[in-house]
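Hi,

Here is the structure I said I would pass on. Have a look at it first, and then read my notes below.

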Amino acid sequence: MISRKAFSLNPRIPHRRSARRVVAAFEQGRRRMSTKIQADEGLASWTRQLAKNTATPISSVRVQLATESNAFKRLQATPITACLGAEIEGIDLAARMSDDVVEEIWSAFLLFGVVFFRDQKLSPAQQVALAKRFGELDRHPIVKGLPEHPDVLEIVREAGAPTNFGESWHSDNSYMRQPSLGSILHAVEVPPVGNDTMFSCAYGMYDMLSPALQKVLSSLKAVHTAGLAFNPNTVSGGSFDNPEAAMKYQQAQELETESLHPMVREHPETGRLALFVNSMFTTRIEGMTVTESKPILEYLFAQVGMPNLTCRFRWRSGDVAMWDNRCLQHVAIGDNTSHRRIMRRVTLKGDVPF
């Protein structure tokens, strides 16, 4: 912020009277701007406080938002279900958005877990620029990105090819020490029907557990690894060097290493607790064998697809989804193999779960 001293020492101001007039005009403008900022911050604070109201179930918060016509000032957010998800209207993601708009999108992101934008036109470069408005990019260590934009994964399934990418419930890159904060997925080419994506609320998964089980899980950690999900025999036709594969993979240390994460993580921005195990990358519980871990993990995995915790999004070409990997899981539904499907994804760098 410009100070009074800056005006009084400015050599371009010819004398003190002029300086006083400039200072007075500046102060008047600053007061008007301060009033506007306070009003905007009040709205942003209200929506953020809703997200942080941990005493109220997240579904109740999202139902409340569905009845609030002025929850957001610069966009319209229409909830999809009571548990999570909202479609956002009135935003062109390819345009140069103001910081205020970006802040409101982020508030909606925190409140709904996943937000959808219809009919967007994004080049890979524009998708990268969009992601950078929300955080640092997180390059995938195993799947190769586009040659010109290595942070952008092009997820391709040719017509007639088997579907095998993202078709188990998961949180993106949970096998990494710092799992991805969020993901932004752009539909480039989609079938006329099918191949939807489902999302499930990890806050709700935790809330549905008994207090006794919540207490037990809060002291446990689980092992996450990429080695099974990215087995070359299942994802790239038997070899990472397969020239016929639509998607290109590469060897990485993440295929051999394991990451240890709390089974219940606290969201660093909302303070809410979420179940943080998934069937794609979580293999066992720390201190237990795979056999001992199996009944506990299978019980927890079964909570993920509960209808009251999920929403389902039907894609159209141009649609964009942006989701929070810290508090939900998702799964691609491979029910249509007769049409080509092309999606482009970027992810945001996250932190170490706690």
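Let's start with a histidine. The side chains of His267 and Arg326 make a polar contact at 3.4 Å. Keep in mind that this is a predicted model, so treat what follows as a description of a prediction.

His267 also uses its side chain to reach the backbone nitrogen of Thr270, at 3.3 Å. To find His267, go to the loop between strand 9 (264-266) and strand 10 (273-275). Is His267 buried or exposed? Its relative accessibility is 1%, so it counts as buried, the limit being under 20%. If you skip its neighbours within four places in sequence, His267 is in contact with Leu110, Tyr203, Arg272, Asp324, Arg326 and Cys327. Take Cys327: it is 60 residues away from His267 along the chain, yet their C-alpha atoms are separated by 7.1 Å.

Two names from that contact list turn up together again. The charged end of Arg272 sits over the ring of Tyr203, 5.9 Å from the ring centre. There is another arrangement of this kind to look at: the charged end of Arg265 sits over the ring of Phe276, with 4.8 Å to the centre.

Phe276 brings us to a serine. Leaving out neighbours within four places in sequence, Ser171 is in contact with Phe276, Asn278, Phe281, Asn325, Leu328 and Gln329. Ser171 is in the loop between strand 4 (153-157) and strand 5 (182-189), and it is buried, with a relative accessible area of 2%.

Now for the aromatic rings. How many aromatic pairs does the structure hold? There are 10 aromatic pairs. In one of them, Trp106 and Phe134, the ring centres are 5.7 Å apart and the planes are at 20°, so this pair is stacked. Trp106 belongs to helix 4, while Phe134 is in the loop between helix 5 (124-132) and strand 4, so the pair ties together parts 28 residues apart in sequence. Both partners are buried: Trp106 has a relative accessible area of 9% and Phe134 has 12%.

Phe116 is buried at a relative accessible area of 0%, and Phe199 counts as buried with 0% relative accessibility. Ring pairs also join these two with Phe313, Trp315 and Trp323 into a cluster.

Then there is the nonpolar core. The largest one has 96 residues, and Ile105 and Phe230 touch the most other members. Helix 4 (residues 99-112) supplies the largest share of this core, 9 residues.

Finally, the whole chain. Of its 354 residues, 49% count as buried. Its accessible surface is about 17,100 Å², and 52% of that belongs to carbon and sulfur atoms. Among contacts between residues at least 6 apart in sequence, 82% join residues at least 24 apart.

Cheers

Definitions and conventions: Residues numbered from 1 in each chain as written. Predicted model: local features only at pLDDT ≥ 70, side-chain atom pairs only at ≥ 80, totals over all residues. Heavy atoms only, no water. Helix = DSSP H or I, 4+ residues; strand = E, 2+ residues; numbered from the N terminus. Buried < 20%, exposed > 50% of the residue type's maximum accessible area, 1.4 Å probe, protein only. Contact = heavy atoms within 4.5 Å. Core = buried A, V, L, I, M, F, W, Y, C linked by side-chain atoms within 4.5 Å. Phe/Tyr/Trp six-rings, centres within 6.5 Å; stacked < 30°, edge-to-face > 60°. Lys NZ or Arg CZ within 6 Å of the ring centre and 35° of its normal. Areas by Shrake-Rupley, 256 points an atom, 1.4 Å probe, with all protein chains shown as cover. Polar contact = N/O pair within 3.5 Å; in protein donor to acceptor, adjacent residues only side chain to side chain.
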